[in-house]
Amino acid sequence: MISRRALLGTGAATVAVAAGLGGAALGHRLDDLARSVGIEPHQEPDPADDRLIARVATDQNTLLAQVEAAAVKHPKLGLGPFVAISTAHAKAVGVSAVVPDIAPPPANRAKAVDELVAAYAAASKQRAADSVRAASPALVRVLASMSAGLAQCAHEIGGLR
């Protein structure tokens with residue numbers, strides 16, 4: 001059977017440790033405390049970033065489906081590099097589980113180009129806005145870079161007219 005002194009000592013030690021952890025949490029020092037005892041903390045992803053990534057993945061996969069469909073319908077446009085860039089963008093944020101349904105590209109080459117330019121320009125603006133909303137610095141960099149790449153694609157595809 002445990003003695004009263006041992007019980008009170010254990011209780012007091014537990015209260016002291018809890019108070020220390022509470023103080024460290026309030027002072028935002030839990031990571032420092034963990035490092036001091038040999039534990040390397042890691043950041044948990046922001047739930048808002050997870051939702052943002054899921055939406056961006058859907059958007060990028062839709063854009064990829066559009067450029068792939070246009071590349072098949074208009075092989076003389078030479079959209080292979082844009083398919084590769086869009087594939088890399090989709091892989092950067094994750095391939096969505098559902099293949100998006102898209103309208104077939106127009107039979108008219110100029111209209112197909114115009115649709116792609118508009119889709120890339122809209123995606124570029126949306127990724128720029130998304131980069132402002134992201135909490136993770138790494139995600140901000142990916143989205144901003146993606147926005148710049150999409151703007152370049154819109155410009156280059158416009159030159160295919």
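**Exercises on helix α5**

Arg 109 is partly exposed, with a relative accessible area of 39% (buried is under 20%, exposed over 50%, partly exposed in between, with a 1.4 Å probe and protein chains only). The model is predicted, with local features needing pLDDT of at least 70 and side-chain atom pairs pLDDT 80 or more, while totals for chains, interfaces and linings use all residues. Residues are numbered from 1 along each chain as its sequence is written, and side-chain values use heavy atoms, without hydrogens and water.

**Exercise 1.** Determine which residues Arg 109 contacts, leaving aside neighbours within four places in sequence.

*Solution.* 
1. Apply the contact criterion, heavy atoms within 4.5 Å.
2. The partners are His 74, Lys 76, Leu 77 and Leu 160.
3. Leu 77 is 32 residues from Arg 109 in sequence, yet their C-alpha atoms are 8.3 Å apart.

**Exercise 2.** Describe how α5 packs against helix α6 (residues 137–158).

*Solution.* 
1. The axes, lines fitted to C-alpha atoms over the stretch in contact, lie 8 Å apart at an angle of about 160° (angles run from 0 to 180 degrees between N-to-C directions).
2. Therefore α5 is roughly antiparallel to α6 (angles over 145 degrees).
3. By class, their contact has 16 nonpolar, four polar and two charged residues (Ala, Val, Leu, Ile, Met, Phe, Trp, Tyr, Cys and Pro count as nonpolar, Asp, Glu, Lys and Arg as charged, the others, Gly among them, as polar).

Note on methods
Helices (H or I, at least four residues) and strands (E, at least two) are DSSP runs, numbered from the N terminus. Angles under 35 degrees count as roughly parallel, over 145 as roughly antiparallel, 65 to 115 as roughly perpendicular and the rest as oblique.
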